[in-house]
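Dear colleague,

I am passing a structure on to you, together with some notes on what was found in it. Please look through the sequence and the model first, and then read on.

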Amino acid sequence: MSETGRGAPAQSATADREIVISRVIDAPRELVFEAFTEVRHLSRWWGPEGFTTTTRSFEFHVGGEWDFVMHGPDRTDYQEWITWTEIAPPERIALLHGEHRGDPNSFESVLTFAPDGAATRIEMRTVFPTKELRDEAVEKYHAVEGGRQTLSNLAAYVTEIVRKGAEG
């Protein structure tokens, strides 16, 4: 997919530091967006297959933080920290994600939520500080597959909510 117009130079400037993952989810945009905004939802689906999440603190507002631990299937704990830098319901969320506040290797992600008929197209665009950090995330931490699994978990979670709602 090529970018045209004014956006092209800015996009190409970060292309070697980016990971972009998208998915169509068979649920309304407001519900998909809400699944990112409330910890009761996030803790049910966040992370790749086999991971669970323990939240230490959660404040969903610009400047708010989510302090959490991801528990891997091999019992490894990963300290994680997110701060929200932009929130535009139900269209867009921007965040900074690292291991802790002030982490020099933190990366930025922008999530966009677009209507796609009765479904929602979610795009997760992540930009790393350097190409090397992006490559390490891809090769060592399997970031692309992990991102796909995370969006797959989100899709399963919200479509189950929709199904239960339809049942009454």
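F36 and F113 are both buried, where buried means under 20% relative accessible area, exposed over 50% and partly exposed in between, with a 1.4 Å probe and protein chains only. Please keep in mind that this is a predicted model, in which local features need pLDDT of at least 70 and side-chain atom pairs count only at pLDDT 80 or more, while totals for chains, interfaces and linings use all residues. Residues are numbered from 1 along each chain as its sequence is written, and side-chain values use heavy atoms, with hydrogens and water left out.

The rings of F36 and F113 have centres 5.6 Å apart and planes at 75°, so this pair is edge-to-face; rings of Phe, Tyr and Trp (its six-membered ring) count as a pair if their centres lie within 6.5 Å, and planes under 30 degrees apart are called stacked, over 60 edge-to-face and the rest tilted. Because F36 belongs to helix α2 and F113 to strand β6, the pair ties together parts that are 77 residues apart in sequence. Helices (H or I, at least four residues) and strands (E, at least two) are DSSP runs, numbered from the N terminus.

The structure holds 14 aromatic pairs. In another of them, F36 and W45 have ring centres 4.9 Å apart and planes at 70°, so they too are edge-to-face. W45 is buried, with a relative accessible area of 2%, and for F36 the value is 2%. One aromatic cluster is formed by F33, F36, W45, W46, F58, F60, W66, F68, W84 and F113.

Turning to the sheet, its seven strands form an open arrangement in the order β1-β7-β6-β5-β4-β3-β2, with antiparallel pairing; two strands pair if DSSP finds at least two bridges between them. β1 (18-25) and β2 (52-58) stand at the edges with a single partner strand each, so one side of each has no neighbour in the sheet. Strands β6 (residues 107-116) and β7 (residues 119-127) pair in the antiparallel sense over nine bridges, and A114 stands opposite R121 in β7.

Finally, there is helix α5 (residues 143-167), whose 25 residues should span 36 Å at 1.5 Å a residue, which agrees with end C-alpha atoms 36 Å apart; the expected span is 1.5 Å times one less than the number of residues. Among the buried residues of α5 are G146, L151 and Y157. The buried residues of this helix pack against β1, α2, α3 (39-45) and β7, contact meaning heavy atoms within 4.5 Å.
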